[in-house]
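Visitor: I have a model open and would like to go through it. Can we start with the aromatic rings?
Guide: Fine, here it is.

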Amino acid sequence: MSELPQTGTDDVVNPVNEQLPGIQSKATGLPETAPVVLMFIVAHLVLTGLNFPYYFELFRTGQLATTTAMLTMFGWILLYLGGIQNARKSKSSGTLWMLATVFFAMSLPGWRMMQTPGSVVLFGCLLALAGWWAVRQTKKTV
């Protein structure tokens, strides 16, 4: 019987294992999802900053309910804290993002007629949900 030729499979790296979410980058030590999520959080922060005078004017003139403003502010804070916790490799980032999603979703009915600020709040809600999903997927694969 002849032996099968050696293919040198011991030196071959499995590309599937390198692409799993949640595997930490060797260069930075951050989760693979951290740069993407942080990029979107910075984009949301810029959009919020650009629209903040509009938000303040809506609140000052009484066109925006206090409840809606408070729920939105809690959502913003939790979204940004979740991003910071994700960058620090903390396990609580998923919880913070889920809470941000809940706060944003509860505030969305208050933004009913206001398209620009409402779309920024909706973007924050979807971003928090995506962050939670990425962290959830990371926990499953590790």
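Visitor: Which residues do the ring pairs link into a cluster?
Guide: F52, Y55, W76 and W111 are linked into a cluster by ring pairs. Bear in mind that this is a predicted model.

Visitor: How many aromatic pairs does the structure hold?
Guide: Five. One of them is Y55 with W111, an edge-to-face pair with 5.4 Å between the centres and 65 degrees between the planes.

Visitor: Where do Y55 and W111 sit in the chain?
Guide: Y55 is in helix 2, which covers residues 34–60. W111 is in the loop between helix 4 (93–107) and helix 5 (115–141). The two are 56 residues apart, and the pair links distant parts of the chain.

Visitor: Buried or exposed, those two?
Guide: Y55 and W111 are both buried.

Visitor: What about the nonpolar core, which residues touch the most other members?
Guide: In the largest nonpolar core, which has 21 residues, they are I41, L79, W97, A100, F104 and W111.

Visitor: And which elements give two or more residues to this core?
Guide: Helix 2, helix 3, helix 4 and helix 5 do. Helix 5 gives the most, with six residues.

Visitor: What does F104 touch, leaving out residues up to four places away in sequence?
Guide: On that count, F104 touches H44, T72, G75, W76, L79, V121, G124 and C125.

Visitor: T72 is a threonine. Where does T72 lie, and why does T72 count as buried?
Guide: T72 lies in helix 3, residues 66–87. T72 counts as buried because its relative accessibility is 1%, and the cut-off for buried is under 20%. Leaving out residues up to four places away in sequence, T72 touches F104, S107, W111 and V121.

Visitor: What does the side chain of T72 reach?
Guide: The backbone oxygen of T68, at 2.7 Å.

Visitor: Staying on helix 3, how many residues has it, and what does it reach from first C-alpha to last?
Guide: Helix 3 has 22 residues and reaches 32 Å, close to the 32 Å expected at 1.5 Å a residue. K89 follows helix 3 and has a positive phi, near 65 degrees.

Visitor: Now T95. Which helix is T95 in, and why is T95 classed as partly exposed?
Guide: T95 is in helix 4. T95 is partly exposed because its relative accessible area is 48%, and that class runs between 20% and 50%.

Visitor: Zooming out, what does the secondary structure come to?
Guide: Five helices and zero strands. Of the 142 residues, 35% count as buried. Among contacts with a separation of 6 or more, 69% come from residues 24 or more positions apart.

Visitor: What is the average pLDDT?
Guide: The average is 75, and 70% of the residues score at least 70. Residues 14–23 are below 50, and beyond near neighbours in sequence that stretch has eight contacts in the model.

Visitor: How should a low stretch be read?
Guide: Where pLDDT is low, the predicted coordinates should not be read in detail.

Technical notes:
Residues are numbered from 1 along each chain as its sequence is written. This is a predicted model: local features need pLDDT of at least 70, side-chain atom pairs count only at pLDDT 80 or more; totals for chains, interfaces and linings use all residues. Side-chain values use heavy atoms; hydrogens and water are left out. Rings of Phe, Tyr and Trp (its six-membered ring) pair if their centres lie within 6.5 Å; planes under 30 degrees apart count as stacked, over 60 as edge-to-face and the rest as tilted. Helices (H or I, at least four residues) and strands (E, at least two) are DSSP runs, numbered from the N terminus. Buried means under 20% relative accessible area, exposed over 50%, partly exposed in between (1.4 Å probe, protein chains only). pLDDT is the predictor's confidence in each residue, from 0 to 100. Contact means heavy atoms within 4.5 Å. A polar contact is a pair of N or O atoms within 3.5 Å; within protein, one must be able to donate a hydrogen and the other to accept it, and residues adjacent in sequence count only if both atoms are side-chain atoms. A nonpolar core is a set of buried Ala, Val, Leu, Ile, Met, Phe, Trp, Tyr and Cys residues joined through side-chain atoms within 4.5 Å. The expected span of a helix is 1.5 Å times one less than its number of residues.
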